[in-house]
Amino acid sequence: MNKTSQKQESITTRRDFIKTLWKIAGIAAIFEFTYVGFSIFNPRKKTQISETSLFNAGNIDSFKNGTLTQFRANKFFLYRHADGGFIAFSVKCTHLGCSINWVAERNQFICPCHSSHFDIMGNVLSSPAPRPLDSFPVIISNNNILINTAKSVKRSKFSTNQLTYAQ
Amino acid sequence: MKHNFIFHLHPKKIRESSIRFNLTFGLGGMAAFLFVIQVFSGLLLKYHYQPNPANAYDSILYINNGLIFGKLVRNIHHWSAIIMILIAFLHMMRVVLTEAFYNKRKNSWFTGISMLIIIILFNFTGYLLPWDQLSYWAITISAGLIEYIPGAGTILRKAIVGGCDINEITLSNFYHLHTGFLPLILLILAIWHFWKIRKAGGVIMSKTDNNSKMIDTVPHLIKREAIVALALTAFILLMSIFIDAPLHERANPIESPNPAKAPWYFLGFQEILLHFNPFIATALLPLLLLLFIIYMPLSKNDSNTTGLWFGFEHSKKLFIVTMPISIFGTILFVLVSELFAPQSLFPSISPIIATGLIPLVFISIIMLILLKAAKKYLAPSKTQIIQSVFILLSLSYITFTAIGIFFRGEGMELMWP
Ligand code: HEM
Ligand code: FES
């Protein structure tokens with residue numbers, strides 16, 4: 001009597017154990033498929049072609065100190081600081097990603113979507129934008145200005161160490 | 001043969017009172033029928049639509065101007081999509097108000113919520129396809145909204161958009177979700193939804209209705225379903241003949257329109273984000289909402305008015321006070337937040353407190369006072385409280401959405417429509 005009930009118990013636990021295994025396998029499968037699904041969505045992640053894409057903006061001498069040059073088709077503004085350093089701002093508003101405009105008469109970037117204002121260093125003058133304009137890395141090689149438009153960098157506040165200088 | 005198919009969906013006999021129109025208003029059936037309309041009008045559009053940025057806009061132009069009945073089919077697909085969100089939403093309200101989400105209907109509640117999310121995803125992915133200024137920037141902005149979700153935002157945005165910008169990968173992703181994956185998921189969920197309702201003994205009915213006499217499904221129920229479907233078809237046809245679906249200029253990734261708005265059903269969310277700190281608006285509030293939705297069917301149904309609209313003696317009163325409180329409370333909140341702009345009033349306080357904690361605490365205190373008052377004067381049961389909280393949240397979101405659609409003009413300034 002005692003023996004049989006013991007046997008039955010061990011059968012049920014074994015069965016339970018296998019059931020649990022099935023459940024774990026099922027959950028693992030769901031996660032795998034979800035991961036595979038998401039990876040397929042973002043095919044560029046694997047090939048990494050987008051990590052650098054250098055755009056040649058031209059010779060450094062063609063940019064005067066304290067001026068802003070628009071490269072809207074390439075999604076950036078190039079600013080040469082009064083001290084000669086360069087910084088490239090992304091045209092993407094940091095609020096929700098609209099393309100900002102440079103309004104020369106007010107000396108400000110203004111976003112048409114929800115009217116965030118930025119000064120010429122990209123700092124926020126009026127919200128809803130939560131942070132200054134993102135920048136793209138600038139490389140100066142052979143007096144040519146190369147902008148890596150594939151890699152936008154988040155900044156907190158403008159400071160001169162964000163500038164790139166010619167050697 | 002014909003009957004065999006019908007009896008896959010319906011039992012042979014049903015209670016007479018379950019087909020009373022003012023019990024369900026046929027809203028679930030309408031949603032199901034709209035899905036059928038969407039599948040067929042969508043399949044027709046699919047013949048001519050080309051899912052790549054170079055040709056998408058031109059193929060829509062061709063559908064509109066070159067194809068016989070092309071514009072009509074596009075209009076039908078456009079308006080039915082919008083009506084589908086509205087109908088699914090009303091259906092959900094009916095389920096809440098007749099207390100039809102408890103016990104055996106728990107599963108239908110969860111599949112229903114999932115279907116509502118899928119319907120919104122349908123609309124969202126479909127919105128990009130015309131590749132005009134409206135769709136391009138609406139999706140850009142929505143992707144920007146997603147990015148605010150703390151922790152997961154950037155990854156989620158990248159996965160949905162398929163990289164950095166809205167481009168050919170995004171369009172391809174959205175197209176195949178819209179025309180392949182989502183319909184399949186919705187179909188599976190709908191079958192599950194119907195099956196569980198049948199297992200629960202059909203739609204919810206009050207105690208007295210549960211004893212009404214049994215009648216044949218064919219012709220009684222079938223006749224009514226046909227009438228609802230035909231009326232809906234007529235309405236959508238008329239609307240599509242007289243009102244054209246919008247189509248703006250070709251998408252221009254360099255020039256943003258002013259103002260740029262998310263698709264209309266996300267405008268409530270965009271509006272909330274204007275008043276709350278991103279952490280609150282994109283993480284805390286949606287999480288609380290989700291928990292409430294999960295809690296609803298798991299809580300105990302302590303009322304004996306299941307299956308009745310406003311069955312509880314005070315519930316009509318309770319709902320009638322809840323509605324204006326929700327609507328005017330939301331409007332007042334927007335005005336106060338807009339006029340006094342807490343962030344510029346206290347620039348030294350961290351934003352999570354100024355546009356997070358302060359409004360939240362303020363709203364919670366008002367809610368608690370109202371709850372106390374309601375408990376004192378109207379003595380609602382737990383079920384009625386859940387119902388009125390649901391009404392409160394829904395109407396508040398609708399009000400936020402209406403403000404976003406009609407009262408936000410150039411530069412997202414408040415304005416008169
Ligand atoms: C594509 C969307 C949907 C379709 C096609 C659909 C279809 C249906 C149909 C045909 C019924 C039968 C009763 C009636 O006509 O009212 C029903 C009932 C029900 N639906 Fe939906 N529905 C959808 C979305 C939703 C949503 C968003 C919810 C709420 C979260 C929901 C929850 C329920 C529940 C709980 C029932 C059972 C109600 C009862 O037994 O009285 N459904 N649905
Ligand atoms: S996207 Fe620029 S202000 Fe909203």
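In the predicted model, about 2,100 Å² is buried between chain B and chain A, 55% of it from carbon and sulfur atoms; buried area is the accessible area (1.4 Å probe) that two parts lose on being put together, summed over both. On the side of chain B, Tyr148(B), Ala159(B) and Ile254(B) lose the most area to chain A, together 23% of what that side buries. Contact (heavy atoms within 4.5 Å) links 32 residues of chain B with 23 residues of chain A. The interface holds 1 salt bridge, formed by Glu255(B) and Arg72(A) with their closest N and O atoms 3.5 Å apart; the criterion is a side-chain nitrogen of Lys or Arg within 4 Å of a carboxyl oxygen of Asp or Glu.

A nitrogen atom of ligand 1 is 2.6 Å from an N or O atom in the side chain of His91(B). Oxygen atoms of the ligand lie 3.0 Å from a polar side-chain atom of Arg94(B) and 3.4 Å from a polar backbone atom of Gly28(B).

Residues are numbered from 1 along each chain as its sequence is written, with chains lettered from A and ligands numbered from 1 in the order in which they are written. Local features need pLDDT of at least 70 and side-chain atom pairs pLDDT 80 or more, while totals for chains, interfaces and linings use all residues, and side-chain values use heavy atoms, without hydrogens and water.

Conventions. A polar contact is a pair of N or O atoms within 3.5 Å; within protein, one must be able to donate a hydrogen and the other to accept it, and residues adjacent in sequence count only if both atoms are side-chain atoms.
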